[in-house]
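Hello,

Here is the structure I promised to pass on to you. Please open it alongside this email, and have a look around before you read on.

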Amino acid sequence: MVAVNRIYIAQLAGLPVFGPDGEPIGKARDVVISLRIDRQPPRVLGMVVELVTRRRIFVPMLRLTSIEPNAVTLATGSVNLRPFHQRVNEVLVIGEVLDARIQLEDGGTAVVVDAAMELTRTRDWRMVRVAVRQRTGRFSPKGPVQVFRWEDIGGLSVNEIAGQPQGAQQLVAVFEGMRAADVANAMHELPPKRRYEVADALDDERLADVIEELSEEDQKDVLAHLDEERAADILEAMNPDDAADLLAELSEGTKDRLLELMEPEESEPVRRLLEYSFDTAGGLMTPEPIILTPDATIAEALARVRNPDLTPALASMVFVCRSPSATPTGRYLGCVHIQRLLREPPFDLVAGVLDTDMARLSPNASLSDVTRYFATYNLVCAPVLDEAEHLLGAVTVDDVLDHLLPDNWRETGLSHA
C-alpha cells in the first residue's frame with residue numbers, strides 16, 4: 001500500500017526507484033496525467049522512470065507499492081523496458097505543467113509551482129491540488145505560494161499548455177543538482193517549445209554543459225533556436241573539442257558567422273581543431289589538457305588535477321613542456337600519471353618523475369590507431385604531438401568512445417537482455 005495519501009509531484013523528481021527486493025531500478029523523472037475536457041481532476045496514469053542506462057520507461061501507478069519521501073518502490077521487478085513515448089492526450093506534470101500560467105476564479109493569474117496527487121477510494125490517483133504563486137504585476141515581487149483545488153483553476157487544458165508561453169524557473173529548479181547528462185536526457189524528452197524555454201532559462205555555463213551531452217540533432221536544434229550572439233557565447237563556454245564537433249555539423253555560412261562572433265582567444269583553438277578530420281587524433285583531442293613547465297612541483301601538479309571542472313580522464317595525467325605552456329606548446333618533455341604523483345614527495349619537481357618512453361600520437365592518426373593505442377597502453381588520456389615535438393592537445397577515452405558508438409547512442413541507451 002502507498003505510504004502517503006497526498007504527494008506533491010515536484011518533490012518526486014530524482015527519487016531512487018527500487019524493485020520489491022530492494023534492487024535499484026532507476027530514478028523518478030516525471031508523472032504522466034491525462035487531462036479532462038471538464039474541470040474534474042485529471043487521472044494520474046503513471047510515472048516516468050529513468051533507468052541506469054538513461055533510457056526512460058513508463059511505469060503505471062498500479063505497479064507502485066509505496067511512495068516515500070526518499071524512495072519509490074515497485075510492486076514487481078518486472079517492468080516494460082520499451083522507451084517512454086508521450087501520447088497526444090498525455091501531459092508531463094514536471095515537464096509541462098510547472099511554470100504554466102493559470103486563471104484563478106477571482107480573475108487573477110498565477111504560475112504553477114507544484115501539483116499534488118491523491119489516491120482515491122477507487123484506487124485511482126487524481127491530481128487534486130495545484131500550488132501556485134500569484135503575480136499581481138509584471139514588475140511586482142513574487143507573492144506567497146497558495147494551494148487551490150483543481151476545480152478552482154483554469155488554463156490547464158492540453159491545448160492551452162501546448163500553446164502558451166511559459167517560464168521555466170520551476171523546471172530549472174528541479175534540474176538543479178542533476179548531472180548535465182541527465183538534464184540533457186530530460187530535455188530530449190520535452191516538447192520543442194519547453195526545450196527552448198528551458199534553454200532560455202539556463203545560464204550560459206550550465207547550458208553549455210548540457211548541450212555537450214545532447215545528441216547531434218538536439219544540439220543543432222537548440223543552437224538554431226538561440227540568437228547568434230548567445231549561440232556564440234555558448235560555444236565559448238563549451239569545451240573546444242565539443243564546440244568544434246558541433247560547428248563542423250553546421251553550414252559553412254553559419255559556422256563562419258559564429259566563429260567571428262566568438263572572442264578571438266576562444267575561437268582560435270576551435271579553428272585549429274576544425275583543420276583536422278573528426279575521426280583523427282587531431283579532431284578528437286582537447287587543446288586544454290593539464291600542462292606544466294619542468295620547474296613545477298608535485299604539489300602544484302596535484303593542485304591542478306584536483307580541479308572539479310576536469311573530467312576524470314583529463315585529471316589522470318599531466319603533461320610537461322617547455323614554455324609556452326598553452327597549446328601548441330614548447331618542446332614536449334614527457335608526462336606524469338596521477339598515481340605516480342601520489343607516491344612522490346610534494347616538493348619534488350615533476351621533471352624528476354617524467355614518463356618519457358610512452359609513444360606519442362600524431363594529429364593525423366586515425367580513429368582505429370587511437371583505439372589500438374589506448375588498448376595497448378591501458379590509458380584514458382594520451383598526448384598528441386606535431387613533428388616538431390610540440391604538444392597540440394590530448395585525446396581522452398570518452399571522446400574515443402563517443403565516436404565509436406552509434407550516432408544515436410545518447411537516445412537509445414544500452415540494450416537489455
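Below is what I found, going from the whole chain down to single residues.

Please keep in mind that this is a predicted model. The protein chain carries 17 helices and 18 strands. Taken along the principal axes, its C-alpha atoms fill a box of roughly 75 × 50 × 40 Å. There are 417 residues in the protein chain, and 48% of them count as buried. The exposed surface comes to about 20,400 Å², with carbon and sulfur atoms supplying 50% of that area. If you look at contacts between residues at least 6 apart in sequence, 59% of them join residues at least 24 apart.

Next, the inside. The largest nonpolar core has 123 residues, and the ones with the most contacts inside it are Ile67, Met117, Val370 and Val395. A further core of 5 residues lies apart from it, with Val32, Leu45, Val48 and Leu92 among its members.

You will find Asp241 in helix H9, which covers residues 240-248. Is Asp241 buried or exposed? Its relative accessibility is 5%, so it counts as buried.

Now to the aromatic rings. A pair of aromatic rings is described by the distance of the centres and the angle of the planes. The model has 4 aromatic pairs. In one of them, the ring centres of Phe58 and Phe84 are 6.2 Å apart and the planes stand at 25 degrees, so this pair is stacked. Phe58 belongs to strand S5 (residues 56-60), while Phe84 sits in the loop between strand S7 (71-74) and strand S8 (90-92), so the pair ties together parts that are 26 residues apart in sequence. Phe58 counts as partly exposed because its relative accessibility is 27%, whereas Phe84, at 9%, counts as buried.

Another pair is made by Tyr373 and Tyr377: their ring centres are 4.9 Å apart and their planes are at 50 degrees, so this one is tilted. Both tyrosines lie in helix H15 (residues 367-377), 4 residues apart, or about one turn of the helix. Tyr373 has a relative accessibility of 7% and therefore counts as buried, while Tyr377, at 37%, counts as partly exposed. Together with Phe374, these two tyrosines form one aromatic cluster.

Which strands make it up, and in what order? It is an open sheet of 3 strands, running S14-S15-S16, with mixed pairing. Strand S14 (291-292) and strand S16 (332-337) are the edge strands, each pairing on one side only. S14 pairs with strand S15 (residues 317-321) in the parallel sense, over 2 bridges.

Best wishes

Note on methods
Residues numbered from 1 in each chain as written. Predicted model: local features only at pLDDT ≥ 70, side-chain atom pairs only at ≥ 80, totals over all residues. Heavy atoms only, no water. Core = buried A, V, L, I, M, F, W, Y, C linked by side-chain atoms within 4.5 Å. Buried < 20%, exposed > 50% of the residue type's maximum accessible area, 1.4 Å probe, protein only. Phe/Tyr/Trp six-rings, centres within 6.5 Å; stacked < 30°, edge-to-face > 60°. Pairing = 2+ DSSP bridges. Contact = heavy atoms within 4.5 Å. Areas by Shrake-Rupley, 256 points an atom, 1.4 Å probe, with all protein chains shown as cover.
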